[in-house]
Amino acid sequence: MMAKKPPKPAPRRIFQERLKITALPMYFEGFLSVKRAAYQEFKRYWTELRGTTLFFYTEKKNTIYVDKLDIIDLTCLTDQNSTEKNCAKFTLVLPKEEVQLKTENTESGEEWRGFILTVTELSVPQHVSLLPGQVIRLHEVLEREKKRRIETQQVPNTSLEKEKEPIEDYVDVLNPMPVCFYTVSRKEATEMLEKNPSLGNMILRPGSDSRNYSITIRQEIDMPRIKHYKVMSIGKNYTIELEKPVTLPNLFSVIDYFVKETRGNLRPFIYSNEDKLGMFFTLLLKCRWTQHNAFIFIWCRGSNLGPTCARSRTQHGRDKREAEEKSTH
């Protein structure tokens, strides 16, 4: 009898897993009661301030956040009078909504106010009642956030330079890959699944080196959950790192394994050519003769990410073949 739920990944430290998922530095954490426009009452979350985003977890040990709030465009933070003893209440006024926050005590309330205002205003507030050590932490966070923003602003310039490169993007059928293979990072794969749930919920992507792979999935059993699985290339086979490792002959079998083991709940993530919001679309189907007079089909893809994935997919295969040839000598 096949299992309905996906196999459990190998245990990982909570902090490392959250860092990989959010890809943002953590500045402060603690319990917060949150009331957004869609909530009828306050909901208590374990909350992390990473960069200028608040990530909410139902439990302290959960690795997947259930909600998040971007506060970079914070207009103001206003205090509220609370009838409850030993708690602080304040409202985050944002361009599109107002969010009420409630802390467990007045001291943590001052800390939350201090950290939130520091990362949004890029200056340490003078009107918070904090100890000298806490103020030092605010200054440290301020420097880290300034550095992070500078590094973030440099990324678009690099992307523009890459777009100016000549586009000759080919994928040949002599080194086929599953249709859900994309040359993206862990964070990018997570964003693709979160933003386009109708296109599938499983992505095959490169691992940290040129030989191995990873699979990112998103499932909605009780709530949306993102999980990552390592797929190791061992000889001519591929091993999925699970509690009980599974070895299969090729990557197509790896994808089929996840589909069958979840009774079709997992589906390969495929950009639809007919989807108006799709980021990829087929521009041209070409044929060419190689230097060995072998006839192959070449698939040229368009759009911003399509060429990158196509080019990288071919190069990834070449790197793997070269590595295998070296290992045989």
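Which residue just after H1 takes a positive phi? Ala23 does, at about 55 degrees. The legends below describe close-up views of a predicted model.

**Figure 1. Overview of the protein chain in the predicted model.** The chain has six helices and 14 strands. Of its 329 residues, 42% count as buried. Among contacts with a separation of 6 or more, 49% are between residues 24 or more positions apart. The accessible surface of the chain is about 19,400 Å², and carbon and sulfur atoms hold 52% of that area.

**Figure 2. Helix H1 and the elements that cover its buried residues.** H1 spans residues 14–22, and Glu17, Arg18, Ile21 and Thr22 are buried in this helix. Viewed down the axis of H1, the buried residues fall within an arc of 115 degrees, so they line one face of the helix. An α-helix has 3.6 residues a turn, so residues three or four places apart point the same way. The cover over the buried residues of H1 includes strand S2, strand S3 (53–57), helix H4 (186–195) and strand S10 (224–234). Just after H1, Ala23 has a positive phi of about 55 degrees.

**Figure 3. Gln16 of helix H1 and Thr63.** Gln16 belongs to H1. Its relative accessible area is 36%, so Gln16 is partly exposed. Gln16 and Thr63 are separated by 47 residues in sequence, and their C-alpha atoms are 9.1 Å apart in space.

**Figure 4. The stacked pair of Phe28 and Phe115.** A search of the whole structure finds 10 aromatic pairs. In one of them, Phe28 and Phe115 are stacked, with 4.6 Å from centre to centre and 10 degrees between the planes. Phe28 lies in strand S1 (residues 26–35) and Phe115 in helix H2 (residues 106–121), so the pair ties together parts that are 87 residues apart in sequence. Both Phe28 and Phe115 are buried. Ring pairs also link Trp112 with Phe28 and Phe115 into a cluster.

**Figure 5. The edge-to-face pair of Phe31 and Trp46.** The ring centres of Phe31 and Trp46 are 4.8 Å apart, and the planes stand at 80 degrees, so the pair counts as edge-to-face. Phe31 is in strand S1 and Trp46 is in strand S2 (residues 43–50), so this pair ties together parts that are 15 residues apart in sequence.

**Figure 6. Charged ends over tyrosine rings.** The charged end of Arg18 sits over the ring of Tyr57, at 4.0 Å from the ring centre. Arg18 is one of the buried residues of helix H1.

**Figure 7. Cys87 and Cys180.** The structure holds zero disulfides. Buried means under 20% relative accessible area. Cys87 has a relative accessible area of 11%, so Cys87 is buried. Cys180 has a relative accessible area of 1% and is buried as well.

Technical notes: Residues are numbered from 1 along each chain as its sequence is written. This is a predicted model: local features need pLDDT of at least 70, side-chain atom pairs count only at pLDDT 80 or more; totals for chains, interfaces and linings use all residues. Side-chain values use heavy atoms; hydrogens and water are left out. Rings of Phe, Tyr and Trp (its six-membered ring) pair if their centres lie within 6.5 Å; planes under 30 degrees apart count as stacked, over 60 as edge-to-face and the rest as tilted. Helices (H or I, at least four residues) and strands (E, at least two) are DSSP runs, numbered from the N terminus. Buried means under 20% relative accessible area, exposed over 50%, partly exposed in between (1.4 Å probe, protein chains only). A charge sits over a ring if NZ of Lys or CZ of Arg is within 6 Å of the ring centre and within 35 degrees of the ring normal. The arc is that of the directions from the helix axis to the C-beta atoms. Contact means heavy atoms within 4.5 Å. Accessible areas come from the Shrake-Rupley method with a 1.4 Å probe; for residues, only the protein chains shown count as cover. A disulfide is a pair of cysteine sulfur atoms within 2.5 Å.
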